[in-house]
Amino acid sequence: MTASTTIAPARWPAWRGSVALRVVQSIGLSFVITDLLILIAGKNPLAAYEQIVLGAFGSWARIVVGLNKAAPYMLAGIGVALCFRGNVANMGAEGQIAIGGLAASIFALTCAGALGAATLPFAMLAGALGGVVWAAIAAVIHLARGVHEVLVTLMMNFIAWLVVAEILHGPLGEIDAGFPQTPMFERVAWLPKLIARSDLHIGILIAVLAAIAAHIVLWQTVTGFRWRLAGASDKASHYAGGSRARSVFSLMAVSGVLSGAAGAIEVLGVHYRLIEGFSLGFGFNAIAIALLATLKPLWVIPAALFFAFLETGALSMQRQIGIPSSLVLVIQGLSLIFVLCAVGRGARKV
Amino acid sequence: MDAALVIDFLSATVRIATPILMAAMGGILIERAGTFAVGLEGMMLSGAFSGVVGAYLSGSIVMGLVAACVGGLVFGVIIAIATTRFDTEHMVTGLAANLLALGFTSFALRTVIGRGQAPVIHTPLLESIPIPFLSDIPVLGALLFRQPPLTYLAFAAVVAIALFLRRTRGGLLLTASGENPLAVFAAGTDPIRVRFTALLAGGIFAGLAGAVLSLQQVGTFTDGMTGGRGYMALAAVIVGRWLPLGTLAGCIMFGATEALQLRVQAFNLPVSSYVIQMVPYLATLLVLAGLGRTARLPAAIGQPFRRD
């Protein structure tokens with residue numbers, strides 16, 4: 001605490017301009033480095049980007065794949081953005097998504113017969129609840145024992161993966177599937193389509209509405225004000241009558257709901273079953289997306305779309321011209337590092 | 001349970017613990033100096049990759065080891081520049097570096113060497129060096145004194161780092177930078193430079209930890225081959241309460257649970273391998289919760305230091 005008096009570092013040039021500009025510059029810089037990598041690999045960067053764009057937007061079917069991919073990223077990203085704003089370094093979206101998907105799957109598999117048309121909303125609810133429970137455990141360990149939230153949530157991610165694996169290899173697994181997955185859900189548990197006769201499910205609509213809701217809560221309500229205050233200054237928050245425990249708990253719960261719902265829409269909307277590793281990396285992407293959006297809920301929408309379309313585009317780039325799709329990880333990693341450098345701790349400011 | 005099975009289990013424990021231990025030693029240096037070491041995974045992966053590529057291109061395993069150090073170092077530098085010069089949040093910077101390492105190693109493997117496909121590279125493995133006399137002790141000799149060189153190095157590093165932190169001026173400066181950087185500054189040393197240097201050293205250790213996997217145990221590189229061992233090293237540092245010997249104990253415990261998990265069927269255990277795999281993480285949580293607020297997390301870890 002003593003050493004964190006804030007005076008701009010003098011030795012390295014500070015990044016100037018508005019936050020939005022700096023984010024765009026960071027992404028641009030990461031593409032420049034990526035271009036160099038493609039050139040070193042003996043390929044044409046322009047051809048690579050052409051394939052990425054074609055793969056992402058080349059047909060309605062491709063766009064749908066990207067939009068469906070963006071939905072869970074968006075939901076989880078909003079949760080992470082809110083937490084980071086409130087100074088809760090929640091790294092646990094990854095685990096909350098996995099447990100959310102698991103809870104929704106268990107519900108869809110066991111209760112579809114009894115509930116009929118009501119299965120879907122309850123399965124979504126089960127997913128959100130699963131996420132909340134997982135987040136709440138982390139919050140309780142953090143608050144009750146004073147353990148750093150990053151460490152708790154990181155450890156709980158690994159445990160969540162193993163819980164899902166355990167259940168998939170055990171009681172819920174489809175027999176003779178040859179791959180750890182559950183049997184397919186009944187149709188009543190499938191997420192409805194946003195547009196008939198396409199694969200586009202309503203997840204993206206839910207996610208965009210969630211972003212708008214989060215924006216309103218953050219800026220127009222007392223709860224949102226308390227969260228921002230908690231992120232800005234412990235002291236100010238304390239004098240305003242806020243309690244750290246309450247803001248941590250509510251923020252983790254919100255992240256749990258959103259991430260759990262993200263896991264639920266992935267299993268109920270895309271796979272119609274639980275598959276091992278269905279959400280691998282989603283939570284870490286959500287962190288990157290939240291930071292790329294400089295922790296603004298509405299900006300999470302374009303940031304999540306950027307990540308999702310980059311990923312769908314890269315797969316087709318790999319198929320068409322043989323540039324490995326792992327290039328996307330390079331772009332994501334670089335742009336995240338540059339955004340962090342460009343925005344610095346300013347990303348946490350109210 | 002017969003003796004052969006037990007010896008097999010114990011030697012597997014040492015084998016699995018070694019890369020985690022090597023990375024954890026880097027983690028101790030980084031964290032005691034005041035930076036969260038989430039980036040260990042990426043440094044380790046980079047080390048594993050450049051080790052194999054170095055050995056493959058030069059045909060010399062020694063060059064491979066040098067390359068592994070450089071590979072870890074590069075990511076140490078990236079994280080150091082971001083966290084010390086641009087004041088980025090340590091944890092997220094580490095995650096970003098891990099993402100970058102995963103993508104870059106996989107991309108470079110396919111394009112620079114593989115021409116579009118994942119190439120199959122095999123390098124010779126580092127061979128065991130039996131220590132005269134000691135290696136003839138029954139059971140213990142085979143277990144501890146007939147090991148490949150990096151295993152000796154990892155265990156020697158535990159002692160060296162313990163002495164360094166306790167007994168040398170450099171070690172005291174390092175821990176002071178993690179506890180009270182202002183005091184270090186007042187005493188005439190720049191704590192930012194100390195943290196930077198610690199990240200470089202930590203990068204080298206983590207790079208070598210990657211080499212333990214790729215050059216000493218597997219003999220090739222595959223995408224994401226570190227498979228979370230960097231995070232496990234981070235957990236071992238925490239379980240070991242940021243002390244070298246405690247961390248060694250943590251690594252051995254993690255190695256043992258992993259070895260046990262691979263032998264669930266051989267030992268006829270009534271639990272599934274996934275439940276056993278949870279043990280390291282549950283143990284870390286329990287230790288953390290047990291220590292609670294008394295946990296000796298370096299006091300100024302994660303906080304930026306700026307000269308006024």
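In the predicted model, A:Asn87 occupies the loop that joins α3 to α4 (93-115) of chain A. The phi angle of A:Asn87 is near 65°, a positive value in a residue other than glycine.

Confidence in chain A was examined next. The mean pLDDT of chain A is 88, and 94% of the residues score at least 70. Among the elements of this chain, helix α7 (residues 203-220) of chain A has the highest mean pLDDT, 96, whereas helix α9 (residues 234-239) of chain A has the lowest, 80. Over residues 1-10 of chain A, pLDDT stays under 50, and the model has 17 contacts beyond four places in sequence for this stretch. Where pLDDT is low, the predicted coordinates should not be read in detail.

Two packed helices are described by the angle between their axes and the distance between the axes. For helix α2 (residues 45-57) and helix α3 (residues 60-85) of chain A, the angle is about 85° and the axes are 5 Å apart. This angle makes α2(A) roughly perpendicular to α3(A). The contact is formed by A:Gly55, A:Ala56 and A:Phe57 in α2(A), which meet A:Arg62, A:Ile63 and A:Gly66 in α3(A). By class, the residues of the contact of α2(A) with α3(A) comprise three nonpolar, two polar and one charged.

In chain B, attention turns to helix α10. All 11 of the 11 residues of helix α10 (residues 229-239) of chain B are buried, so the helix is largely enclosed by the rest of the structure. The buried set runs through B:Arg229, B:Gly230, B:Tyr231, B:Met232, B:Ala233, B:Leu234, B:Ala235, B:Ala236, B:Val237, B:Ile238 and B:Val239. The cover over the buried residues of α10(B) includes elements of both chains: α6 (149-169) of chain A, together with α1 (3-32), α2 (40-58), α9 (191-218), α11 (244-262) and α12 (273-291) of chain B. Just after α10(B), B:Arg241 takes a positive phi of about 55°.

The packing of α10(B) against α11(B) has an angle of about 130°, with the axes 7 Å apart. The two helices, α10(B) and α11(B), are therefore oblique to each other, and α10(B) passes α11(B) in a right-handed crossing. On the α10(B) side, B:Met232, B:Ala236, B:Val237 and B:Val239 meet B:Thr247, B:Gly250, B:Cys251 and B:Phe254 in α11(B). The contact of α10(B) with α11(B) has six nonpolar and two polar residues, with no charged residues.

B:Ala235 is buried because 29 other C-beta atoms lie within 10 Å. Leaving aside neighbours within four places in sequence, B:Ala235 is in contact with A:Met155, B:Pro280, B:Tyr281 and B:Thr284. By C-alpha positions, B:Ala235 and B:Phe185 are 30 Å apart in space and 50 residues apart in sequence. A further position in chain B, B:Arg263, lies in the loop between α11 and α12 of chain B. B:Arg263 is partly exposed, with 17 other C-beta atoms within 10 Å. Although 255 residues separate B:Arg263 and B:Asp8 along the chain, their C-alpha atoms are 10.0 Å apart.

The contact between the two chains takes 49 residues from chain A and 47 residues from chain B. On the side of chain B that touches chain A, the elements that give two or more residues are α3 (61-85), α4 (90-113), α8 (181-186), α10 and α12 of chain B. Helix α4(B) provides the largest share of this side, 15 residues. The residues of the side of chain B that touches chain A fall into 29 nonpolar, 11 polar and seven charged.

Technical notes: Residues are numbered from 1 along each chain as its sequence is written. Chains are lettered from A and ligands numbered from 1 in the order in which they are written. This is a predicted model: local features need pLDDT of at least 70, side-chain atom pairs count only at pLDDT 80 or more; totals for chains, interfaces and linings use all residues. A residue is buried if 20 or more other C-beta atoms lie within 10 Å of its own, exposed if 12 or fewer, and partly exposed in between; C-beta atoms are placed from the backbone. Helices (H or I, at least four residues) and strands (E, at least two) are DSSP runs, numbered from the N terminus. Two residues are in contact if their C-beta atoms, placed from the backbone, lie within 7 Å. Ala, Val, Leu, Ile, Met, Phe, Trp, Tyr, Cys and Pro count as nonpolar, Asp, Glu, Lys and Arg as charged, and the others, Gly among them, as polar. pLDDT is the predictor's confidence in each residue, from 0 to 100. Axes are lines fitted to C-alpha atoms, for helices over the stretch in contact, and angles run from 0 to 180 degrees between N-to-C directions. Angles under 35 degrees count as roughly parallel, over 145 as roughly antiparallel, 65 to 115 as roughly perpendicular and the rest as oblique. A crossing is left-handed if the near helix is turned anticlockwise from the far one by less than a right angle, and right-handed if clockwise.
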